[in-house]
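Let's take a friendly walk through this structure, one region at a time. Have the sequence and the 3D view open as you read.

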Amino acid sequence: MTQVSAINHIDHVGVAVKDIRAAVAFLSANFGTPEPEIVEMADEAVRACLIEVGQTRIELLEPLSPDSPVGRFIERRGEGLHHIALNVNDIGEKLEILADNGLSLIDHEPRHGLSGTIGFIHPRSVFGVLTELVEN
């Protein structure tokens with residue numbers, strides 16, 4: 001029998017934007033979202049923030065260069081939904097289960113990210129949606 005990788009809840013939705021400060025101002029002015037801390041993550045080549053919205057969060061991602069992964073995403077698809085993040089327990093075990101089930105992983109080992117310990121699943125394995133597992 002195939003094992004499953006149970007999820008707790010949707011942790012956040014990632015949105016690729018050209019100008020993170022303009023996006024933060026837009027969300028605040030139109031939806032009353034709180035002012036987040038914006039951090040630069042050189043290893044990911046993004047400027048990013050997490051905005052608390054009720055029981056979940058919105059992650060905004062601004063590329064630091066056009067040839068970064070998020071920069072290429074915006075060039076190909078424009079601004080918009082970049083990924084969905086699912087909260088899990090024991091992310092290392094979850095990644096092993098998914099690999100054993102034949103899913104194509106971007107991260108075979110958990111790593112540190114803005115939202116906690118993370119690992120990405122390739123979109124080709126999840127109906128074209130870049131999917132992030134998060135343990136926090």
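Predicted model: local features only at pLDDT ≥ 70, side-chain atom pairs only at ≥ 80, totals over all residues.

## Overall picture

The protein chain has three helices and eight strands, and along the sequence they come in the pattern β-α-β-β-β-α-β-α-β-β-β. A compact globule of 136 residues would have a radius of gyration near 14 Å, and the 15 Å of the protein chain agrees with that. Its C-alpha trace spans about 50 × 35 × 25 Å along the principal axes. Of the 136 residues, 41% count as buried. Among contacts with a separation of 6 or more, 53% come from residues 24 or more positions apart.

Strand β2 (residues 39-41) runs antiparallel to β3, and three bridges join the two. In this pairing M41 stands opposite V46 of β3. The two strands form a hairpin with four residues between them, and A45 in the turn has a positive phi of about 60°.

On to the next partner: β3 and β4 also pair in the antiparallel sense, over eight bridges. Here E52 has R57 in β4 as its bridge partner. Two residues lie between the strands of this hairpin, where G54 takes a positive phi near 60°. Six of the eight residues of β3 are buried, so this strand is largely enclosed by the rest of the structure.

## A closer look at R47

R47 belongs to strand β3. Is this arginine buried or exposed? R47 counts as buried because its relative accessibility is 19%, and the cut-off for buried is under 20%.

The side chain of R47 makes a polar contact of 3.1 Å with the side chain of E40. Leaving aside residues up to four places away in sequence, R47 touches I20, R21, I38, V39, E40, L60, L61, E62 and L64.

Which residues of helix α2 (residues 69-77) are buried? They are V70, G71, F73 and I74. These residues cover an arc of only 160° around the axis, so they lie on the same side of α2. The buried residues of α2 pack against β1 (9-16), β3 (46-53), β4 (56-63) and β5 (80-87).

The face turned away from the buried side carries the exposed residues P69, E75 and R76. Just after α2, G78 takes a positive phi of about 85°.

## The aromatic pair

The structure holds one aromatic pair. F26 and F31 form this pair in an edge-to-face arrangement, at 6.2 Å centre to centre with 70° between the planes. As for accessibility, F26 counts as partly exposed at 47%, while F31 counts as exposed at 60%.

Let's finish where we began. D90 and T117 are 27 residues apart in sequence, and their C-alpha atoms are 9.7 Å apart in space.

Technical notes:
Residues numbered from 1 in each chain as written. Heavy atoms only, no water. Phe/Tyr/Trp six-rings, centres within 6.5 Å; stacked < 30°, edge-to-face > 60°. Buried < 20%, exposed > 50% of the residue type's maximum accessible area, 1.4 Å probe, protein only. Arc of directions from axis to C-beta. Contact = heavy atoms within 4.5 Å. Pairing = 2+ DSSP bridges. Polar contact = N/O pair within 3.5 Å; in protein donor to acceptor, adjacent residues only side chain to side chain. Rg over C-alpha atoms; globule rule 2.2 N^0.38 Å.
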